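Colleague: I have not looked at this one before. Can we go through it together?

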Amino acid sequence: MTDQPTTHDAPLTAGDTIDRWLSHPEGSAVIGRLLEGMDQGPDVLDRIRRLPLRTLAEMSQGRLTDAMVEEMVRAVNGGELPAEQEAAPASARFAGRTVIVTGAASGIGRATAERLLAEGGRVIAVDLSEEGLAALRPGAGETVPVTADITREEDIARIVEAAGERVDGLANIAGIMDGMTPLHETDDQLWERVFSINVTGTFALTRAVLPRMLEARRGSIVHTASEASLRGSAAGTAYTASKHAVVGLTRSGAVLYGPHGIRTNAVAPGPTATGIEGGFRSEFAQQRLAPFFAQIPPVTTAQTLASSITWLLSDDAENINGQVLASDGGWSAQ
Ligand SMILES: NC(=O)c1ccc[n+]([C@@H]2O[C@H](COP(=O)([O-])OP(=O)(O)OC[C@H]3O[C@@H](n4cnc5c(N)ncnc54)[C@H](O)[C@@H]3O)[C@@H](O)[C@H]2O)c1
C-alpha cells in the first residue's frame with residue numbers, strides 16, 4: 001500500500017477529460033452550471049467528452065476562458081489549485097535523428113513536432129506561420145523553424161537545405177479542408193488550392209527529400225490522409241479526392257522504396273481538436289452528410305494523433321510499410 005493518490009482518486013484538474021469531470025459528483029455539478037450559463041444541454045458534450053477541459057477552453061474562441069477554467073478547478077478542490085499529474089518521462093526514440101514536420105505551427109503538426117522534440121529529435125518545423133513556430137514548446141531535441149509555403153518550389157528547397165545532409169523522417173502534415181463543398185459547388189480555385197497543399201505540396205517535399213534517404217538507404221515518411229481517404233461521407237469533394245490521392249502516394253512510395261530501406265505510411269485521423277476550419281459552407285452537403293456525421297466517434301486531441309504519427313516514424317514501426325493507419329476512435333470500423 002502507498003500514500004500516493006491513484007489516478008482514480010487524484011484531484012480533478014484542467015488536464016482531466018470531460019468524461020472524468022462528469023463521473024465526479026462535484027465535477028459534474030460544475031459542468032452542469034457551466035452549460036446552464038451557456039444555455040446548452042448536456043448533449044453538446046457527447047462529441048467532446050474525451051477532450052481535457054483545457055483543450056475545450058482552447059477551442060472555445062474565448063467563450064470558456066482560462067480564468068473560468070481555473071475557477072472550475074478551484075470549485076471542486078475546496079478553493080485550491082492542485083498540481084497536475086506529471087506526464088510519464090519521454091523516451092529518446094528520436095535522439096540523433098532529423099525529422100521534417102510540415103504544419104508544425106498548429107494542431108496535429110504542432111503536437112507531432114513537440115512530441116519529437118520531447119523525445120530528443122532535431123525537428124525541421126515548417127509552417128506558413130512564423131509566430132506559431134516560435135511558440136513551439138522546446139524539448140530535449142533541437143527546433144529548426146522554417147517559415148515556408150509547401151506549394152512554392154523555392155520554399156521546398158529552403159526546407160531541405162535547413163535539414164542538411166541527413167533526413168531520417170518526414171511527416172507531411174500541413175493540409176486544409178474544403179468547407180465540405182460538394183462537387184457542383186466547387187470552383188476551380190477551391191479545387192486547385194486544396195490539391196496544391198494536400199497533394200502537390202506533399203508530393204514536392206517528398207520528392208525533394210527522397211534522394212537523401214535513398215543515399216542513406218533508410219528513412220520513414222508519414223503522410224496525413226484522413227477518414228475522407230476511406231469513405232465518401234466525411235468531407236467535400238475536393239478534400240475527399242485529395243486525401244484519396246495521399247493514399248496513392250503512400251502505397252506507391254511503399255512499393256517503390258521499401259527495398260531501399262525507406263518506409264512510407266499514412267495516418268488517417270478521425271475528428272481531432274485543432275485549428276482546422278471544419279465547418280460546412282454548403283447547405284446541400286450539410287443536409288446530405290448530417291446522418292453520417294451523427295455516427296462519428298468523439299473528438300480526440302492532437303496529442304493522440306502525434307502518438308500515432310511518431311510511432312509510424314519510429315523504429316517501433318520497423319515492419320510497417322504502405323499502411324494507412326486509421327487513428328479515429330473506431331470510425332473506420334463502422
Ligand atoms: N483536425 C481533424 O479533425 C483532421 C481530420 C482528418 C485529417 N486531418 C488532417 O491533418 C492535417 C493537420 O490538420 P490540423 O487539423 O492539425 O489543422 P491545423 O489547421 O490546426 O494545422 C494545419 C497547419 O498547416 C499549415 N499550412 C497550411 N497550408 C500550408 C502551406 N501551404 N505550407 C505550409 N504550412 C501550411 C497551417 O498554417 C497550419 O498551421 C491536415 O492534413 C488535415 O487534413 C485533420
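Predicted model: local features only at pLDDT ≥ 70, side-chain atom pairs only at ≥ 80, totals over all residues.

Colleague: Where does R217 lie?

Modeller: R217 is in the loop between α8 (188-216) and β5 (219-224). Its phi is positive, about 60°, although R217 is not a glycine.

Colleague: And Q61, what is its phi?

Modeller: Phi of Q61 is near 50°, a positive value in a residue other than glycine. Q61 sits in the loop between α3 (53-59) and α4 (66-75).

Colleague: Is Q61 buried or exposed?

Modeller: Q61 counts as exposed, because its relative accessibility is 78%.

Colleague: Now the inside. How many residues are in the largest nonpolar core?

Modeller: That core has 24 residues. Those with the most contacts inside it are V101, L116, V123, I309 and L313.

Colleague: Which helices and strands supply at least two residues each?

Modeller: These are β1 (98-102), α5 (107-118), β2 (122-127) and α11 (302-313). The most comes from α11, with 6 residues.

Colleague: Which residues is V101 in contact with, leaving aside neighbours within four places in sequence?

Modeller: V101 is in contact with G109, A113, L116, V123, I124, A125, V126, A171 and I173.

Colleague: What about another core?

Modeller: Another core, of 22 residues, lies apart from the largest one. Among its residues are V144, I159, L170 and A174. In soluble globular proteins, nonpolar side chains tend to be buried together.

Colleague: Let's zoom out. How many helices and strands does the protein have?

Modeller: The protein has 11 helices and 9 strands. Buried residues make up 48% of its 334 residues.

Colleague: Why does the radius of gyration agree with a compact globule?

Modeller: For 334 residues, a compact globule would have a radius of gyration near 20 Å, and the protein has 21 Å, so the two agree. The C-alpha trace spans about 60 × 55 × 35 Å along its principal axes.

Colleague: What share of the contacts joins residues 24 or more positions apart?

Modeller: Among contacts with a separation of 6 or more, such residues account for 70%.

Colleague: Last topic, the surface and the charges. What do carbon and sulfur atoms supply?

Modeller: The protein exposes about 16900 Å², and carbon and sulfur atoms supply 51% of it. As for charges, there are 28 positive and 42 negative ones, and their mean positions are 6 Å apart.

Conventions: Residues numbered from 1 in each chain as written. Heavy atoms only, no water. Core = buried A, V, L, I, M, F, W, Y, C linked by side-chain atoms within 4.5 Å. Buried < 20%, exposed > 50% of the residue type's maximum accessible area, 1.4 Å probe, protein only. Helix = DSSP H or I, 4+ residues; strand = E, 2+ residues; numbered from the N terminus. Contact = heavy atoms within 4.5 Å. Rg over C-alpha atoms; globule rule 2.2 N^0.38 Å. Areas by Shrake-Rupley, 256 points an atom, 1.4 Å probe, with all protein chains shown as cover. Lys, Arg positive; Asp, Glu negative; His and termini not counted. Charge placed at Lys NZ, Arg CZ, Asp CG, Glu CD.
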